[in-house]
Amino acid sequence: MSDAALGQFAYRLKRIYGNSTDVDALANDLLRVCQNYVEANQRTLLQVPTSADSPRWSEQDVILITYGNSIQAPGEVPMQTLAKFLSERLSGTVNAVHILPFFPYSSDDGFSVIDYRQVNPEWGTWDDVASIAASFDLMADLVINHCSRENLWFVDYIGNHEPYSEYFIEVDPSTDVSLVTRPRNTPLLTPVHTHRGVRHVWATFSEDQIDLNFANPKVLLEFIQIYLFYIERGARFIRLDAVAFLWKQIGTRCLHLPQTHEVVKLLRDVVNFVAPEVVVITETNVPVVENLSYFGESDEAHMVYQFGLPPLVLHALNRGNSSFISDWADSIPVLPKGCTYLNFTASHDGIGVRPVEGILPEREVQDLIDCMHRFGGFVSMKANSDGSESPYEINITLFDACMGTRRGVDHFQVQRFLCSQAIMLAMQGIPALYIHSFTASANDLAHVEQTGRTRSINRKVWDKDELEYLLSNSVTAQAEVFYELSRMIRIRRKQPAFSPDARQDVVKINSDVFILKRTSVDASQRIYAISNVTERILKLPLAALGFLENGLMDILALEPTTLIDELVLYPYQTVWLTPVSYTHLRAHETLRYL
């Protein structure tokens with residue numbers, strides 16, 4: 001039974017390490033790790049990897065992204081506060097929760113991990129994580145590229161203790177590393193005082209985030225054990241953070257190298273054999289074509305982040321022009337079998353601009369950045385190989401990014417923001433919503449001042465009593481956004497045409513509207529998702545919309561209405577039109593929960 005796994009592991013490890021290591025011995029070590037997991041969890045080691053056709057998701061899947069301490073209450077453990085909020089406010093709306101790194105950390109709000117196997121004691125315990133995982137599918141981060149310099153591995157590296165003396169990457173500071181792709185404008189190499197003198201170690205993101213040496217097979221084996229530990233603790237989704245930078249080779253970009261792809265495929269192989277329900281997700285904030293490469297041939301990531309979506313949705317609403325997002329959506333390749341996208345418009349990071357390279361003209365990107373500056377945002381820069389710097393991401397909350405257009409601030413902020421969410425909810429893939437989208441969070445400039453980091457603008461920590469007051473007061477933006485967004489999601493979850501596997505077609509009429517046609521796998525339902533991206537009222541005669549059918553009803557309307565002669569779209573309104581005869585119109589029952 002283990003022969004198939006052993007053979008697959010050896011094949012993959014050979015592609016990673018070539019002749020630089022004893023592949024057979026390493027494959028046996030990996031097999032033992034998997035067998036230990038199987039025995040501890042009373043599972044079966046599968047004879048062959050599961051088929052790419054195996055169902056892993058449906059229209060029911062909606063993910064909340066949050067920190068473990070995003071909501072706090074005096075005298076209460078933050079993750080227990082979060083669990084109560086999820087149960088009281090979001091049960092039946094989302095079915096999965098991505099808790100951003102909840103481990104002890106030294107910087108970057110969790111992405112500089114001190115101990116991969118412990119929960120940050122200030123936030124909770126593994127029991128608190130298990131409590132959330134008992135009611136919601138759990139997504140956990142495998143922060144695989146780097147660790148904190150306070151991690152005991154690095155402390156032992158400084159002390160020259162085996163095996164950790166080989167866990168990190170030393171580079172002579174005179175080495176030409178100008179070709180290395182940089183997501184930051186900090187130095188790539190950082191000096192460290194060790195027992196062997198000063199050494200310069202690789203640090204892609206910051207001097208506190210030291211890259212790990214995956215050319216050392218012991219590092220790979222260490223992380224596979226951590227990976228299985230998270231699955232054992234209830235994770236259904238595993239997010240591979242910053243994985244594109246994992247393998248280093250001087251003289252290259254050190255981005256998307258073949259060995260990196262093979263490591264992701266090996267992680268996929270592991271879950272295929274021991275935990276086939278697990279979904280592997282790659283987080284790669286890069287141009288679209290590079291991002292899609294992580295599907296491999298249906299043998300790599302199950303899901304990739306749709307990084308082009310946030311900047312293109314924002315651009316369309318800011319410009320009142322859907323041309324670029326329509327062209328982009330129309331050019332998205334057909335998904336490989338067993339693969340889908342993770343769609344999002346906001347996250348703990350900023351709104352990346354690299355993913356729209358070659359899609360948005362530089363002038364359009366700069367105009368968008370200038371507008372976000374006027375709305376209180378910042379821009380983070382990256383270093384280029386020629387010594388220059390260029391924009392990497394916009395730091396702003398999405399709610400405040402929607403406070404106006406290039407003409408300035410207006411009174412359509414809530415409508416514009418909800419339009420951005422409706423577009424995302426209609427896209428092919430699984431939607432993931434940041435908690436600060438649900439709560440219509442404004443720019444947290446006080447947090448930026450406190451931390452000195454521009455990303456903190458979008459990482460507000462809510463006081464639970466304040467948040468509950470705002471959500472209970474119907475005249476606040478927080479209440480309006482929370483309840484309307486929840487209503488849209490509950491309607492969405494009843495529509496087979498919104499399955500991640502349902503077909504997606506882009507319909508182009510003019511630049512005022514963004515239109516997706518979604519067709520369920522069995523062709524029993526069609527939905528036309530039509531969004532007005534302008535501040536004008538649009539009146540569209542049905543006769544001019546040749547793609548529309550007779551007898552269509554808007555399932556997003558508060559009262560079911562059948563279209564007769566004309567489709568009227570108010571500023572930033574979205575309609576989801578489906579044939580009246582379709583039985584899933586019972587979605588309107590969800591209105592009662594309000």
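**A walk through the predicted chain**

The protein chain of this predicted model contains 17 helices and 26 strands; both are DSSP runs, numbered from the N terminus, with at least four residues of H or I for a helix and at least two of E for a strand. Residues are numbered from 1 along each chain as its sequence is written. Local features need pLDDT of at least 70 and side-chain atom pairs count only at pLDDT 80 or more, while totals for chains, interfaces and linings use all residues, and side-chain values use heavy atoms, without hydrogens and water.

Consider the overall form. A compact globule of 594 residues would have a radius of gyration near 25 Å, and the protein chain agrees with this at 24 Å. The radius is taken over C-alpha atoms, and the globule rule is 2.2 Å times the number of residues to the power 0.38. Along the principal axes, the C-alpha atoms fill a box of roughly 75 × 55 × 50 Å.

Of the 594 residues, 62% are buried, meaning under 20% relative accessible area with a 1.4 Å probe, protein chains only. Contacts (heavy atoms within 4.5 Å) between residues at least 6 apart in sequence join residues at least 24 apart in 72% of cases.

Because 13 of its 16 residues are buried, H6 is largely enclosed by the rest of the structure. Just after H6, Gly234 has a positive phi of about 110 degrees.

Notes
Buried < 20%, exposed > 50% of the residue type's maximum accessible area, 1.4 Å probe, protein only.
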